[in-house]
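Open the model in your viewer and keep the selection panel at hand. The stops below say what to select and what is there.

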Amino acid sequence: MKLKLACLLLCPFVANAAEDKVAVYLNFEQAYLSNDVSLFAPLLSKNYTIKQTLHIPGLGSDTLPVTKAQLLEGMKQNPKPSSLPRSKAESVKVETISKQQFCARSQTLDQVVVAGKNYEEKELRKACFKHENNSYEAISHTIDVYYREL
């Protein structure tokens with residue numbers, strides 16, 4: 001009986017903590033895809049890293065690591081918001097690493113035309129965060145892009 005009472009009292013807080021982390025991730029993703037440096041830069045840790053890997057059928061994979069400075073400079077050069085699909089809250093999975101750190105994963109699907117052929121484009125996105133300076137800062141970010149001919 002005590003266990004049930006404890007769960008009734010604590011479960012909402014655990015759920016709210018997970019929902020807050022989903023909101024942190026969705027805010028981060030929105031800022032990233034906005035290409036607005038003033039929105040995105042404050043969400044990044046000093047040592048933030050990003051890697052994007054393209055998986056192309058029949059050709060293999062290619063990974064492109066980009067430094068924080070390179071990414072922010074690219075955003076300044078092309079401040080137009082990305083047309084990539086945004087993640088939905090229900091697709092975000094949160095993994096607690098420690099009391100101060102967590103990672104969030106999401107997946108999006110889109111259809112694109114490459115060289116006149118239709119492809120499904122699936123993106124697997126992952127960002128890891130650390131609680132610093134009274135907020136969460138992104139410390140790493142990976143994007144895996146998979147193409148499948150339709």
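Two aromatic rings of Phe, Tyr or Trp (its six-membered ring) pair if their centres lie within 6.5 Å; planes under 30 degrees apart count as stacked, over 60 as edge-to-face and the rest as tilted. By that rule the whole structure holds 8 aromatic pairs.

Some ground rules before the tour. This is a predicted model, in which local features need pLDDT of at least 70 and side-chain atom pairs count only at pLDDT 80 or more, while totals for chains, interfaces and linings use all residues. Residues are numbered from 1 along each chain as its sequence is written, and side-chain values use heavy atoms, with hydrogens and water left out.

**Overview.** Colour by secondary structure. The protein chain has 3 helices and 6 strands; helices (H or I, at least four residues) and strands (E, at least two) are DSSP runs, numbered from the N terminus. Along the sequence the pattern reads α-α-β-β-α-β-β-β-β. Of the 150 residues, 28% are buried. Here buried means under 20% relative accessible area, exposed over 50%, and partly exposed in between (1.4 Å probe, protein chains only).

**The rings.** Select Tyr 25, Phe 28, Tyr 32, Phe 40, Tyr 48, Phe 102, Phe 129 and Tyr 136: they form one aromatic cluster. Zoom in on Tyr 32 and Phe 40. Their ring centres are 5.5 Å apart and their planes at 50°, so this pair is tilted. Both residues are buried. Next, pick Phe 102 and Tyr 136, an edge-to-face pair with 5.0 Å between centres and 85° between planes. Phe 102 lies in strand β4 and Tyr 136 in strand β6, 34 residues apart, so the pair links distant parts of the chain. Phe 102 is buried, at 0% relative accessibility. Tyr 136 is partly exposed, at 23%.

**The core.** Which residues touch the most other members of the largest nonpolar core? Select Tyr 25, Phe 28, Tyr 32, Phe 40, Leu 44, Tyr 48 and Phe 129, out of 23 core residues. A nonpolar core is a set of buried Ala, Val, Leu, Ile, Met, Phe, Trp, Tyr and Cys residues joined through side-chain atoms within 4.5 Å. At least two core residues come from each of α1 (2-34), α2 (37-40), β1 (44-56), α3 (68-77), β4 (101-114), β5 (117-132) and β6 (135-149). The most come from α1, with 6.

Now centre on Phe 129. Beyond its neighbours within four places in sequence, its contacts (heavy atoms within 4.5 Å) include Val 24, Tyr 25, Phe 28, Phe 102 and Tyr 136.

Select Glu 29, in helix α1. Buried or exposed? Glu 29 is buried, at 4% relative accessibility. Leaving aside neighbours within four places in sequence, Glu 29 contacts Arg 86, Ser 87, Ser 106 and Arg 125. Its C-alpha atom is 8.9 Å from that of Phe 40, 11 residues apart along the chain.

**Helix α3.** Select Leu 71, Leu 72 and Met 75, the buried residues of α3. They cover an arc of only 95° around the axis, which puts them on the same side of α3; the arc is that of the directions from the helix axis to the C-beta atoms. Ala 69, Lys 76 and Gln 77 are exposed on the other side.

**The β3-β4 hairpin.** Show strand β3 (residues 93-96). It runs antiparallel to β4, joined by 4 bridges; two strands pair if DSSP finds at least two bridges between them. The hairpin connects through 4 residues. Glu 95 has Cys 103 of β4 as its bridge partner.
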